[in-house]
Amino acid sequence: MQRLVTGIQPSGKPHLGNYLGVMKNQIAYQNDFDCYYFLANLHALTTIKNGEELNRLTIDLVLDYLAIGLDPQKVTFFKQSDVPEHTELAWILATVTPHGLLERAHAYKDAVASGKKEATVGLFTYPVLMAADILMYKPDLVPVGKDQKQHIEITRDIAEKFNHNYGETFPLPEAEINEDTAVVPGIDGQKMSKSYNNTIPLFAEPKELKAQVMKIETDSTPLEAPKDPDKCLVYQLYKLLATTDQTATMANNLKAGGYGYGHAKTDLYNLLHEQFEPLRQKRIELSKDIDYINDILNTGAKKARMIAQQTMTEVRHKVGTKI
Ligand code: ADP
Ligand code: TRP
């Protein structure tokens, strides 16, 4: 079975864009790959500077993934910080990483240019820790969003540097980027994103969910008039979740006239409620059993560490920190 590794940053409430863009695929992979998924809490330290908040966000993310169907029997699910070998390897890799390679990283340049993040050393060396996260497990594939493509290229460059100096150690990992996943529009028509405040949160309570759906922007075509489904944002969102038949029904209703945007919104809300309310309920149940969550993370960390320790024994011998 091919091995797959990915890190997920605890950064707040997941929305429909995150779910359809990446989370759903990650859950699907668990059936066909040997998966290592970890909560990238050390990476999150570059943005979250409050211990309680980071802890809460990390637990929230575990609940989110369990609620959408991550099976801890199939996926080795753990916290990055529970496998301290990651930071040791990151240091060793830093000593073979050319400074110029990191200077070219878009994520760092963008974060600093936008003034959103402080230009810390941690933010600058972020890709090196990411390379350590990945190379540690010698994976075949790293499933990530398009925004992470350059980080995987940097990982490959770092692996080549290490192999060149110390002999063949790390196979070069491939990014697995799903090019045809749709960019999910937000309720204002721009890309759905936490930073645009235009999201449909996955686990919103029914009242909040309804309020968000009702806010979806529409034009002023009157109820009786026929409408073009392709210009209707409600329909764009609906068809991402609906069956072919349901999608055809809404398209026909819009084209026929006598079916207003309010009706379409109600249909969308009902569909969202039907699909996500059971997951929200499951999430509430899971949140009552913190011991169970800790058990999952501890078991995951133990499994991950077995591999991490093997890799580190090999690396320490090669670099000469252990004879
Ligand atoms: P946000 O923009 O809300 O902060 P993130 O940057 O945390 O979202 O995104 C996490 C992952 O979800 C990324 O890998 C990205 O590819 C995916 N993603 C985010 N927004 C969307 C969207 N609107 N459509 C599809 N995928 C998305
Ligand atoms: N940088 C990734 C992100 O922001 C998270 C991440 C950390 C990661 N380490 C990783 C992703 C290793 C894949 C592999 O989404």
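**Two ligands in a predicted model**

I would like to begin inside the site of ligand 2, where a polar side-chain atom of Q9 lies 3.2 Å from an oxygen atom of that ligand. Please keep in mind throughout that this is a predicted model, and that each distance I quote is computed from its coordinates.

Staying with ligand 2, there are two further contacts, and both of them involve nitrogen atoms of the ligand: a polar side-chain atom of D133 sits 2.7 Å from a nitrogen atom, and a polar side-chain atom of Q148 sits 3.0 Å from a nitrogen atom. In total 13 residues surround ligand 2, and the closest are Q9, H43, Y126, D133 and Q148.

Let me now move to ligand 1. Which residues come nearest to it? Of the 14 residues around ligand 1, they are H15, V184, M192, S193 and K194. For H15, an N or O atom in the side chain is 2.7 Å from an oxygen atom of the ligand, and for S193, a polar side-chain atom is likewise found 2.7 Å from an oxygen atom of ligand 1. M192 takes part through its backbone, with a polar backbone atom 2.9 Å from a nitrogen atom of ligand 1. As for the burial of this ligand, it exposes 550 Å² when taken alone, and the protein buries 75% of that.

Two backbone positions also deserve a careful look when you have the structure open. K138 is a residue other than glycine, yet its phi is positive, near 45°, and it is found in the loop between α8 and β4, the latter spanning residues 141-143. How accessible is K138? Its relative accessible area is 28%, so it counts as partly exposed. The other position is N197, which is not a glycine either and has a positive phi of about 60°; N197 belongs to the loop between β5, residues 174-176, and α10, residues 206-214. Because its relative accessibility is 69%, and the cut-off for exposed is over 50%, N197 counts as exposed.

Finally, let me step back to the protein as a whole. Its secondary structure comes to 14 helices and five strands, and its C-alpha atoms fill a box of roughly 80 × 45 × 40 Å, taken along the principal axes. If we consider the contacts with a separation of 6 or more, 78% of them are accounted for by residues 24 or more positions apart. On the charges, the protein has 36 positive and 41 negative ones, and their mean positions are 2 Å apart.

To come back to where I started, the contacts I would ask you to inspect on screen are those of Q9, D133 and Q148 with ligand 2, together with those of H15, M192 and S193 with ligand 1.

Technical notes: Residues numbered from 1 in each chain as written. Chains lettered and ligands numbered in written order. Predicted model: local features only at pLDDT ≥ 70, side-chain atom pairs only at ≥ 80, totals over all residues. Heavy atoms only, no water. Helix = DSSP H or I, 4+ residues; strand = E, 2+ residues; numbered from the N terminus. Contact = heavy atoms within 4.5 Å. Lys, Arg positive; Asp, Glu negative; His and termini not counted. Charge placed at Lys NZ, Arg CZ, Asp CG, Glu CD. Near = heavy atom within 4 Å. Polar contact = N/O pair within 3.5 Å; in protein donor to acceptor, adjacent residues only side chain to side chain. Areas by Shrake-Rupley, 256 points an atom, 1.4 Å probe, with all protein chains shown as cover. Buried < 20%, exposed > 50% of the residue type's maximum accessible area, 1.4 Å probe, protein only.
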